[in-house]
Amino acid sequence: MALFSKDAPANAPADTTSEPRARSVSILSASVAFEGAMTGTDNLVIEGSFKGTIDVRSEIRVAASARLEASIHAKTVIVEGTISGDVTADHKIELLSSARVDGNISSPKIVVAEGASFRGSVDMGTARPTE
């Protein structure tokens with residue numbers, strides 16, 4: 001067998017890792033302003049400004065410096081900053097003490113910390129069915 005062969009050597013250990021791959025994290029930094037639609041499967045941290053729609057299949061963290069005018073859907077949404085728009089989560093929405101939300105929230109689990117500001121309606125029905 002050649003040194004750079006496509007075939008694995010007979011004595012090479014098999015890949016037996018069964019752990020799922022760790023999710024990546026995408027960061028929209030504080031100096032960035034974005035307008036449009038964002039979709040994805042990785043975790044997302046927003047520190048800057050965003051206007052539009054966000055639909056991710058994992059966690060979104062809205063940092064204290066973030067200012068969003070958006071419709072948001074994710075598995076989990078954690079808010080420290082300011083959101084103007086509706087927020088939907090399949091698992092949980094958490095509004096931390098610095099959060100300011102002006103819009104409707106919908107999730108099976110909702111946590112609102114003392115000091116958080118929220119204006120809108122709450123729906124704690126079951127999670128949105130997956131397609």
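Author: I would start with Phe 50, which counts as buried because its relative accessibility is 2%; buried means under 20% relative accessible area, exposed means over 50%, and partly exposed is in between, with a 1.4 Å probe and protein chains only. Please keep in mind that this is a predicted model, in which local features need pLDDT of at least 70 and side-chain atom pairs count only at pLDDT 80 or more, while totals for chains, interfaces and linings use all residues. Residues are numbered from 1 along each chain as its sequence is written, and side-chain values use heavy atoms, with hydrogens and water left out.

Reader: OK, and how many aromatic pairs does a search of the whole structure find?

Author: The search finds 1 aromatic pair, where rings of Phe, Tyr and Trp (its six-membered ring) pair if their centres lie within 6.5 Å, and planes under 30 degrees apart count as stacked, over 60 as edge-to-face and the rest as tilted. The partners are Phe 34 and Phe 50, which are stacked at 5.3 Å centre to centre with 15 degrees between the planes.

Reader: Is Phe 34 buried or partly exposed?

Author: Phe 34 is partly exposed, because its relative accessible area is 33%, whereas Phe 50 is buried at 2%.

Reader: Stepping back, how many helices and strands does the chain have?

Author: The protein chain has 0 helices and 13 strands, and 28% of its 131 residues count as buried.

Reader: Which residues touch the most other members of the largest nonpolar core?

Author: Those are Ile 54, Ile 60, Leu 68 and Ile 72, in a core of 25 residues, where a nonpolar core is a set of buried Ala, Val, Leu, Ile, Met, Phe, Trp, Tyr and Cys residues joined through side-chain atoms within 4.5 Å. The elements giving two or more residues to this core are S3 (43-46), S4 (49-56), S5 (59-62), S6 (67-79) and S8 (87-95), and S6 gives the most, with 6 residues.

Reader: What does Leu 68 touch?

Author: Leu 68 is placed in strand S6 and counts as buried because its relative accessibility is 3%. Not counting residues up to four places away in sequence, Leu 68 touches Ile 46, Gly 48, Phe 50, Ile 54, Val 62, Thr 82, Ile 83 and Ser 84, where contact means heavy atoms within 4.5 Å.

Reader: New topic, what about polar contacts, say around Ser 107?

Author: Ser 107 lies in the loop between S10 (105-106) and S11 (109-112), and counts as buried because its relative accessibility is 1%. A polar atom of its side chain lies 3.4 Å from the backbone oxygen of His 91, and the side chain of Ser 107 also reaches the backbone nitrogen of Lys 92 at 3.4 Å. A polar contact is a pair of N or O atoms within 3.5 Å; within protein, one must be able to donate a hydrogen and the other to accept it, and residues adjacent in sequence count only if both atoms are side-chain atoms.

Reader: And which backbone nitrogen does the side chain of Asn 43 reach?

Author: It is that of Glu 59, at 3.1 Å. Asn 43 is found in strand S3 and is partly exposed, because its relative accessibility is 22%.

Reader: Last one, where is the pLDDT below 50?

Author: The mean pLDDT of the chain is 86, and 78% of its residues reach 70 or more, pLDDT being the predictor's confidence in each residue, from 0 to 100. Over residues 15-19 the pLDDT is below 50, and beyond near neighbours in sequence this stretch has 0 contacts in the model. Where pLDDT is low, the predicted coordinates should not be read in detail.

Key. Helices (H or I, at least four residues) and strands (E, at least two) are DSSP runs, numbered from the N terminus.
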